[in-house]
Amino acid sequence: VSLSFEGANPASQPSGRRLLAGRSNYIGYDPKARIADVPRFAEVWYADLYPGVDLRLYGNERNLEYDLIVAPGSSAAGIVLGISGQGARITPEGDLAIEGAESPFLLRKPVAWQEIRGNRQSVAAVYRGLGHGRFTFEIGSYDASRPLIIDPIMAYSSVFGGSQTDNSWGIAVDASGNIYITGYTSWAPWTALSTPAPTEL
């Protein structure tokens, strides 16, 4: 499964914000691929992903979130989500359900809002299908002289697998949302839940 922003500005580059304590080291079997002393950030921003629209990526408790921040006088009309996978559909609840080969997940019905006199003012927002795995946002009326924040939430996602054989005999999720998998993999260092490869130490 992949999610892309179609028609986005190719010159928009990621930048880290809100530096965190500590450093990360990425190791692998190829010494040339090892990266040491990598700074950690709470957020990653893509400025001007679309004209007047920034993208902010961050973690919120157990959820991966991204905000699309529409500047005053700009529009969200050009934002297009491209979904590749086994299928994507808008559920009756307004969520965007994406089916993948291993890890189906939901993008919850988008929440949109503005800050007005120190208060968060909700703005109506829904997904709208454009066909062929493409979706956009349909936004209700709002004050175009103020920034607009569109906040879809990725409700469930997992990564499981190595570069060789993996077999899962069973999977369960408990009341706290923890994932339990029984099975085996032929290359243990590359098996992870929500951990990038190469392994992060």
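1. Which residue in β3 does Pro14 stand opposite? Pro14 stands opposite Tyr46. The model discussed here is predicted: local features need pLDDT of at least 70, side-chain atom pairs count only at pLDDT 80 or more, and totals for chains, interfaces and linings use all residues. Residues are numbered from 1 along each chain as its sequence is written, and side-chain values use heavy atoms, with hydrogens and water left out.

2. Strand pairing. Strands β2 (residues 14-26) and β3 (residues 35-50) run antiparallel to each other, paired over eight bridges. Strand β3 also pairs in the antiparallel sense with β4 (residues 53-60), here over five bridges. Strands are DSSP runs of E with at least two residues, numbered from the N terminus, and two of them pair if DSSP finds at least two bridges between them. Glu43 has Tyr58 in β4 as its bridge partner. The hairpin of β3 and β4 has two residues between the strands, and Gly52 takes a positive phi near 75° there.

3. Salt bridges. The whole structure holds eight salt bridges, each defined as a side-chain nitrogen of Lys or Arg within 4 Å of a carboxyl oxygen of Asp or Glu. One of them joins the side chains of Glu43 and Arg18, at 2.8 Å from N to O. Glu43 lies in β3 and Arg18 in β2, so this pair ties together parts 25 residues apart in sequence. Glu43 also meets Arg56 in a salt bridge of 2.6 Å, N to O; this pair links β3 to β4 across 13 residues. Arg56 in turn forms a salt bridge with Asp67, with the closest N and O atoms 2.7 Å apart. Asp67 is in strand β5, 11 residues from Arg56.

4. Glu43 counts as buried at 7% relative accessibility, whereas Arg18 counts as exposed at 56%. The cut-offs are under 20% relative accessible area for buried, over 50% for exposed and partly exposed in between (1.4 Å probe, protein chains only). Arg56 is buried, with a relative accessible area of 16%, and Asp67 is buried as well.

5. Charges over rings. Arg56 also lies over the face of Tyr58, 4.0 Å from the ring centre. The charged end of Arg120 sits over the ring of Trp113, at 3.6 Å from its centre. The criterion is NZ of Lys or CZ of Arg within 6 Å of the ring centre and within 35 degrees of the ring normal.

6. Aromatic pairs. The whole structure contains two aromatic pairs. Rings of Phe, Tyr and Trp (its six-membered ring) pair if their centres lie within 6.5 Å; planes under 30 degrees apart count as stacked, over 60 as edge-to-face and the rest as tilted. Phe5 and Tyr66 have ring centres 5.9 Å apart and planes at 85°, so this pair is edge-to-face. Phe5 is in β1 (residues 2-5) and Tyr66 in β5 (residues 63-70), 61 residues apart. The pair of Tyr127 and Phe137 is tilted, at 5.5 Å centre to centre and 35° between the planes. Both Tyr127 and Phe137 are buried.

7. Gln114. This residue of strand β10 (residues 111-116) is buried, at 2% relative accessibility. A polar atom of the Gln114 side chain lies 3.3 Å from the backbone oxygen of Pro147.

Key: Helices (H or I, at least four residues) and strands (E, at least two) are DSSP runs, numbered from the N terminus. A polar contact is a pair of N or O atoms within 3.5 Å; within protein, one must be able to donate a hydrogen and the other to accept it, and residues adjacent in sequence count only if both atoms are side-chain atoms.
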